[in-house]
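Please examine the structure shown below before reading on.

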Amino acid sequence: MHMLVLTKGVPDFREGKVSFDEDGHLERGKTPTVMNPNDKIALRAALQTKVKCGGSVSLMSMGPPGYKEILQEGMADVYAEDLYLLSDREMGAADTWATAMTIATGIEQFDAEPDIIFAGFKTADGETGHTGPQTNWCIDINEELTDRPLITHVIAMEVDEEEQVVRAKRLVEGDVSEIETIEADLPAFIVTDPEFEANYRKAEHRLRYKDCREETRERAENLDLEEDVTVWNHEALNLDPDFIGLDGSPTIVSGVDPIPKGPSERDATMIDPDDEAGMEQVFETMAEYAAGD
Amino acid sequence: MADLDPTDHEIADLGPKVQEIDDVDELEAALELEEDGEDRAGVKTLIESRIETLEAEDEDVDPAEADLTELTVADIANLVRDVDDVDVLEDMLEREQAGKERKGAITQIENRVEAIEGSDEEEGEELEYVPPEEKYPDLAHPTADKQYVDTAAGEDYRDMWVYCETQQGEFVDVAREMLGKARQLMDDYNDTYGGDEDGNPEEVVAVVIGDEVGDLAEKAIAYGADRVVYHEDDRLERFRHKPYTEIFCHMCRDWDQDWRDYYEPRYTIFPATNNGRDLSALVQGELDSGLASDCSDLYIDEAMISNPAKTGKPGDSVEFDRVLHMPRPDFSGFEYSTILCIDKPFRDFHPQGASVIPGTFDLPDPDEGREGEVLEHDIDLPEDWFHIEVTEHDQLEEGIDLTGHEVIVCLGRGIDHEDPTEGIELGVELRDAFADAELGLTRGVITASYEFGGHVEQYVGEERQIGESGQVVEPALYIAAGVSGAVQHKVGMDESDTIVAINTDPEADIRDFSDYFIEGDLFEVVPRLIEGLETGDFETVLAEATDD
């Protein structure tokens, strides 16, 4: 079973890591880039499948050469066997359509179609949630099959290798939330939901999981970023620059504003926690709602 | 006496005729004839909007004389649109700079100057199409032939198509919210532009797909649709990516209908629900166009674009009109971006697509008297479109209801000043110190991927999120510990009676909507609050604390 996981590097939005300028704009240069947190969830789904069914896991990203380190991070942190980076100035500033076009073409470079392609839900920066579905729609690799089944918002999954089907639970949100159980033939494209949970119920799975993690950590440590990451540019993919990157993107960002600050609506009483009188005032407000004995 | 009797004409022919009339009395007379005769809602809107436009013109302010300080930025934007004299604009600019000096107003005026001056330079400098084989001779050229690439250019686009998602046989609320907003947008659009390029009003087209949705379709009219297109099939009872996408695209691109005499829609709007967002991505992908997801507003306006990818000429600015502006929070809620979907030379990017966060727009009151047309769409749905089988579905038990409690304790990213796990523990303890309280979280805590200890994991999930995309609460007491107070959070809690913030940063935005602001670390302050509440003896706790 060949599994491919798609990933992207994003600014590290955690408190203390993320940096803003005076006007409240994100300072990309001062903010470290990390693997998109949702993509780690997709990697976990791939690892779970690998542990239970065997096979190999490839990890692919599109971005600047520095993203090799993101691929390495994904390899070390979750699990991956081989790494691919689609990298070229022409691919820069792509929106979801142009990204999907590029990644789909990258996927078409494999000799055989991956059995399962995994993607995470939104990225922490663009936050569209479009790239997974659009990539699946774009892939044109198999003449017999115009599109692989697209299964999004997956919170649990199992692959039945014998029958070549995937069974999954997906989260449907609307005015009420629902869980759907679905079944589809492989090959398939899976987008994991942030609520996805891997499960390793059998002892042999837990052992194999441990082995896989150790093996991949060792591989990640010894990784030669120059040698061991396959890099494809637009020429290798034979992609016309007019259809990728900024030039191929239907949408542009016309303005970025810091989240506007709401007008001051309450006049806060400032309280120093060491000031007894001030704290007493707050305590009194709260005591009214305290749990009784 | 009216020269025009609308009842003699089809609505489609009336657009240009009504636009030609400049006399309000004549229009009033025509309106009366229509009311007494066929009384078609669309015709009345058409005439009324023309009357409104003319009346607005009468009150016109002279841009050369106007007191700009009396006008809003939107008024100025409308005003400059009709000014072609750069000197008048330059003068306006000076007056604005001397007056209120609003950034938005200045940009509007400058953009207009640029549009006029830019258009002078363009003459005689037509862009020329270079075939890809000449432009990039080293590449083999399959890209334009790739599946789903459509290199349409200069085609006709009209109307706003709205996907009305259903769940358990009813429209989800956001479907009705979108119809109300679409109605408003297209009414303004028809007022501003006088309809499409030929003067015909553009419509709101509602799309309903599912099992036995024909009766539901009628309801879309009351919420603002001019036309409803529905497709029903028992296999469509639940959302399926492939058939829903194919059906939507066939309706709006391939379906041969007299009224749909255009290439593709001008605009498409979807709900930003799990399924709606997926459908938006696939439909826009298939139609070879772009979209913005999770929008928190929508408006149609001109846009001055200098991006060479769109203008084809570095250094120039080009004005694009009728552009759907799509503001949305991104960067994990740290910034707002306004996304535009814009044609480039020799390649159209229409429809301009958006998905909308549920609850963004007001739920409109249905107008049962509204008239519109309901059409059934019927094509064969091949079995292989149903390659995903839904074997089971269950409604989830409602998660945690944060509304209706006396007290809400909300934790923000301040919990990572020390150990996030300990932060959650403190939040739970504080909650339990109150008689009727629940624990809420900001979106930041949920998306930050902290590694929580197993025993607190159950508390961290979207079901506890407070804010724009979470729950909206209004307890008697709201305690915000380590919450910076992003505007998306504010909308979820600012109706609370008393708000107490605990934050180390006295400049945190939340100060502006707190009643008490304890300037301190939640890891020090919260334990004291817990102890005080549990023992009922604040004085001792305070005395101990200040003795430290």
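How many residues of domain 2 of chain B are in contact with residues of domain 3 of chain B? In this predicted model, four residues of domain 2 of chain B meet five residues of domain 3 of chain B. By class, the domain 2 side of this contact consists of one nonpolar, two polar and one charged residues. The C-alpha centres of these two domains of chain B are 32 Å apart. The chain as a whole is divided into four domains: domain 1 of chain B covers 6–58, domain 2 covers 68–122, domain 3 covers 150–385 and domain 4 covers 407–547.

The contact between the chains comes next. Chain A contributes 89 residues to it and chain B contributes 102 residues. On the side of chain A that touches chain B, at least two residues each come from the helices α3, α4 (131–138) and α8 (276–287), and likewise from the strands β7, β8, β9, β12 (251–258) and β13 (269–271) of chain A. This side of chain A has 41 nonpolar, 23 polar and 25 charged residues.

β9(A) runs antiparallel to strand β13 of chain B (residues 388–395), and the pairing extends over seven bridges. Within it, A:I182 stands opposite B:V390 of β13(B).

In chain A, the bond from A:L186 to A:P187 is cis, with omega near -5°. A:P187 is located in the loop that joins β9 (178–185) to β10 (188–192) of chain A. In chain B, the bond from B:H350 to B:P351 is cis, with omega near -5°. B:P351 belongs to the loop between β10 (335–341) and β11 (352–356) of chain B.

Two residues of chain A remain to be considered for their backbone angles. A:A93 is not a glycine, yet its phi is positive, at about 60°. This alanine, A:A93, sits in the loop between β5 (82–86) and α3 (96–107) of chain A. Is A:A93 buried, exposed or partly exposed? A:A93 counts as partly exposed because it has 16 C-beta neighbours inside 10 Å. A:Q164, likewise not a glycine, has a positive phi of about 55°. A:Q164 is placed in the loop between β7 (150–160) and β8 (165–172) of chain A. There are 13 C-beta neighbours inside 10 Å of A:Q164, so this residue counts as partly exposed.

Note on methods:
Residues are numbered from 1 along each chain as its sequence is written. Chains are lettered from A and ligands numbered from 1 in the order in which they are written. This is a predicted model: local features need pLDDT of at least 70, side-chain atom pairs count only at pLDDT 80 or more; totals for chains, interfaces and linings use all residues. Domain bounds come from an automatic or database domain assignment. Two residues are in contact if their C-beta atoms, placed from the backbone, lie within 7 Å. Ala, Val, Leu, Ile, Met, Phe, Trp, Tyr, Cys and Pro count as nonpolar, Asp, Glu, Lys and Arg as charged, and the others, Gly among them, as polar. Helices (H or I, at least four residues) and strands (E, at least two) are DSSP runs, numbered from the N terminus. A residue is buried if 20 or more other C-beta atoms lie within 10 Å of its own, exposed if 12 or fewer, and partly exposed in between; C-beta atoms are placed from the backbone. Two strands pair if DSSP finds at least two bridges between them.
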